[in-house]
Amino acid sequence: MTQSDRYVAPDLRRGRGAPSRDSGRYEALRLVDESDGWDIAEDPAPLRTEVSEERPRSLINYVSSPDLSFDRTINPYRGCEHGCIYCFARPTHAWLGLSPGLDFETRLVARPDAAEVLARELRAKRYAVAPIAIGTNTDPYQPIERDRGIMRACLEVLQAFRHPVMIATKGALIERDIDILSDMAAQNLVRVGITITTLDADLNRRMEPRVPSPARRLATIRRLSEAGVPVRVMVSPIVPGLTDSEIEPILTAARDAGAKAATWAMLRLPLEVAPLWEAWMDEHYPARKSRVMSKLREMHGGKVYDAQFFKRVRGEGAYASLIAQRFTKARKRLGLDAALPPLDGTLFRAPPRAGEQLSLF
């Protein structure tokens, strides 16, 4: 592959996943980094995380994809500092006029009013309760949540309303909220999915640079499980020729840590993610690139990605079937094949506002 016009040298992007900051697909002009012509040696500044703020008018995003188990999501943040190179949410940054590459990891958007907006939407008379999914786009427990606390504020709203919620994360910061999660779990209002892509610490650091180590995520599964919070391990994404040999070891380690269920998904490379992934492979695992990309094309009719429902997550063909069979057998053998009980929506009710008198009936 030819090098990007906005390639950033590795020593200037330590702890980042993407190798470049190319413009998104909606930009009319292509940005190119050029020297200013002055013969003055300057040390380029390393990339720093920048956070802007957004005041959303609505927070709940309704989805109608037939291959999803939920119909609504919320996102406390846009962009994700975890920097997972394979993240299928990267193209969403193009909507903001930003790069799905390094901008997605370094130019984040926080939504400080999210909890207030969420409470207002839940109080609407026409609102019909159903589980809300959090973490399906960007991770609610990414590093900036430690200071911002937006996810915890949203969780407090959901707890007050007794609203069912499904959380997906790679972040160990979720342990901070065990007080809320254990209370909601006792009422069958929450379940958590912890993603483990690999048990290899070096591969984890390269592929998911600001995500807790695999051992740390297993410890998170253990802590949540001990607190009574139902946890499923999400083996995702499975990368053919890179992580596919780890399916059984990951499931075993997660079972031993207390996980009750398991799911999987294949590597997805929509839109700008494909060239970012290929550039990452060139840099880190050039000898394996041909096998990885050929298997992806085999599963998607000659393309590296097919966005069709029911095919986009797991692909099709002989290799995809083999992975599905291995996962199914291992999950059954380890007792991770039972479905978690459906979350309870019958407890939902709007709590009284400050100053409101409680009803006697």
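A: Happy to! One term before we start: a residue counts as buried when its relative accessible area is under 20%, as exposed when over 50%, and as partly exposed in between. Also keep in mind that this is a predicted model.

Q: Okay, let me try that out. Is Leu271 buried or exposed?
A: Leu271 has 53% relative accessibility, so it counts as exposed, since exposed means over 50%.

Q: And where in the chain is Leu271?
A: Leu271 sits in the loop between strand E10 and helix H9, which covers 273-284. Its phi is near 50 degrees, a positive value in a residue other than glycine.

Q: What about Phe310, what is its phi?
A: Phe310 is not a glycine, yet its phi is positive, about 70 degrees. You'll find Phe310 in the loop between H10 and H11. Phe310 is exposed, with a relative accessible area of 59%.

Q: You mentioned H11. What distance separates the end C-alpha atoms of that helix?
A: They are 23 Å apart. Helix H11 has 16 residues, 318-333, and at 1.5 Å a residue it should span 22 Å, so the two values agree.

Q: Which residues of H11 are buried?
A: Tyr319, Ala320, Ile323, Phe327 and Ala330 are the buried ones. Looking down the axis of H11, they fall within an arc of 105 degrees, so they line one face of the helix.

Q: What covers the buried residues of H11?
A: The cover includes strand E9 (231-238), helix H8 (247-257), strand E10 (261-266) and helix H10 (286-299). Lys295 has 17% relative accessibility, so it counts as buried.

Q: Which exposed residues are on the face of H11 turned away from its buried side?
A: That face carries Ala318, Lys329, Lys332 and Arg333.

Q: And what comes just after H11?
A: Gly335 does, with a positive phi of about 75 degrees.

Q: Changing topic: how many salt bridges are there?
A: The structure holds 28 of them. One of them pairs Arg111 with Glu54, where the closest N and O atoms are 2.7 Å apart. This pair links distant parts of the chain, 57 residues apart: Arg111 is in the loop between strand E5 (107-110) and helix H2 (114-123), and Glu54 is in the loop between strand E1 (50-53) and strand E2 (61-62).

Q: Is Arg111 buried or exposed?
A: Arg111 counts as buried, at 8% relative accessibility.

Q: What does Asp177 pair with?
A: Asp177 forms a salt bridge with Arg152, and their closest N and O atoms are 2.7 Å apart. These two are 25 residues apart, with Asp177 in the loop between strand E7 (165-169) and helix H5 (178-186), and Arg152 in helix H4, residues 150-161. Asp177 is buried, at 0% relative accessibility.

Q: Now a proline: where is Pro140?
A: Pro140 is in the loop between E6 and helix H3 (145-148). At 0% relative accessibility, it counts as buried. Not counting residues up to four places away in sequence, its contacts include Pro76, Tyr77 and Met151.

Q: Which two residues does a cis peptide bond join?
A: Ser236 and Pro237, with omega about -10 degrees. Pro237 is found in strand E9.

Q: Last one: which residues form a nonpolar patch on the surface?
A: Tyr26, Trp95 and Leu96 do, with about 360 Å² of accessible area together. Trp95 lies in the loop between strand E4 (77-78) and helix H1 (102-106), and it is exposed, with a relative accessible area of 62%.

Terms used:
Residues numbered from 1 in each chain as written. Predicted model: local features only at pLDDT ≥ 70, side-chain atom pairs only at ≥ 80, totals over all residues. Heavy atoms only, no water. Helix = DSSP H or I, 4+ residues; strand = E, 2+ residues; numbered from the N terminus. Expected span 1.5 Å × (residues − 1). Buried < 20%, exposed > 50% of the residue type's maximum accessible area, 1.4 Å probe, protein only. Arc of directions from axis to C-beta. Contact = heavy atoms within 4.5 Å. Patch = residues over 30% accessible without salt bridge, like charges linked within 9 Å, V, L, I, M, F, W, Y side chains within 5 Å. Areas by Shrake-Rupley, 256 points an atom, 1.4 Å probe, with all protein chains shown as cover. Salt bridge = Lys/Arg side-chain N within 4 Å of Asp/Glu carboxyl O.
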